[in-house]
Amino acid sequence: MNPLTAIYGAVSRTRNEFYDRGVLSARRLQGPVVSIGNIAAGGSGKTPFVIALGEMLKRRGVSFDVLSRGYGRKTKGVALVDPDGAAVDFGDEPLLIARRLEVSVVIGEDRYAAGRFAEENFGPRLHLLDDGFQHRGLARDFDIVLVNATDKQDRLFPMGRLREPLSALARADAIVLTNDVPVEGLPLTHQKVWRVQRDIVAPQVEEPCLAFCGIARPGYFFAQLRATGINVAAIRSFRDHHSYTKSDLRALLSARKKAGATCFVTTEKDAINLDSYLDELTPVHVVPVYMQIEDANAVAKTVWAAIAARNSAPA
């Protein structure tokens, strides 16, 4: 084992043991907290799942907000996301969630402080904790963890993408498997197992396109485009949460011309990170990613039961 991986694993394990034994304690908000997270860095579909779960809750008349770190922003502290704002101020994923769900999204490195801000301004209600599985400083009432097909074969940081070993799934209340990921090989005991179908809304375009994105698993996006019949003449990938520059635009326009493509195709998250530069890439097709929760009624009942149990518990 790589020494750095061993050190990272030991630190992660010790920190979790401190919380499990009560040496470190989690702070609790007035409203119930449902966490959505993963055990691997990026690309698990947390943001599409938060949106899908939020849409499901809205259809059932449940009031909620979303608490997020605001990864990638240049600002600090607690802030309410302005849906018309910029990724540099709020982070691309919180902006995407705020625009798609049209609910209050509060960002902050300290998610407890973000939750307190939300409750002081909007009252105690359900909080969806985005990317919260490792944020153990905030108590939660239900832990949802998304698992990828590659997680079972992956390794801990820095040699792999895992934030925690698979054994950490013991803390979860529900495991979410995308598409046809098999459940075999996962160390599950009491956890609910939910399945979602993750797909894209492909544009109706026949001309050759240059596809580009700055997401955690770009190859998956490009494969989805080709699977829908999009004529992908060339591809370009950037690091996750990439903040685009004038130089990037010049390179993309040059690459499109060289490939003989007549348009661009990219993701919603990239459109947010492009901001005012997006119009300079016209024609450009922005592709939404969506998730469909299988047996949504059962999922809703499980989440609602956790909320009800919290509300009925003695103070």
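The legends below accompany close-up views of a predicted model.

**View 1. The largest nonpolar core and its most connected members.** This core holds 40 residues, and those that touch the most other members are F49, V66, L128, I144 and W194. Helix α2, which runs over residues 46-59, supplies the largest share of the core, with 7 residues.

**View 2. The surroundings of L128.** L128 is one of the residues that touch the most other members of the largest nonpolar core. When its neighbours within four places in sequence are left aside, L128 is in contact with V34 and I36, with V50, L53, G54 and L57, and with F64, D65, V66 and L67.

**View 3. Helix α2, a mostly covered helix.** Of the 14 residues in α2, 11 are buried, namely K46, T47, P48, F49, V50, I51, A52, L53, G54, M56 and L57. The end C-alpha atoms of α2 lie 20 Å apart, which agrees with the span of 20 Å that its 14 residues should have at 1.5 Å a residue. After α2 comes G61, which has a positive phi, near 75°.

View 4. Helix α1 comprises the 19 residues 3-21 and reaches 27 Å from its first C-alpha to its last, close to the 27 Å expected at 1.5 Å a residue. Its buried residues include T5, G9, S12, N16 and Y19; because they cover an arc of only 95° around the axis, they lie on the same side of α1. An α-helix has 3.6 residues a turn, so residues three or four places apart point the same way. On the other side of α1, by contrast, P3, I7, V11 and R21 are exposed. The helix α1 is followed by G22, where phi is positive, near 85°.

Methods: Residues numbered from 1 in each chain as written. Predicted model: local features only at pLDDT ≥ 70, side-chain atom pairs only at ≥ 80, totals over all residues. Heavy atoms only, no water. Core = buried A, V, L, I, M, F, W, Y, C linked by side-chain atoms within 4.5 Å. Buried < 20%, exposed > 50% of the residue type's maximum accessible area, 1.4 Å probe, protein only. Helix = DSSP H or I, 4+ residues; strand = E, 2+ residues; numbered from the N terminus. Contact = heavy atoms within 4.5 Å. Expected span 1.5 Å × (residues − 1). Arc of directions from axis to C-beta.
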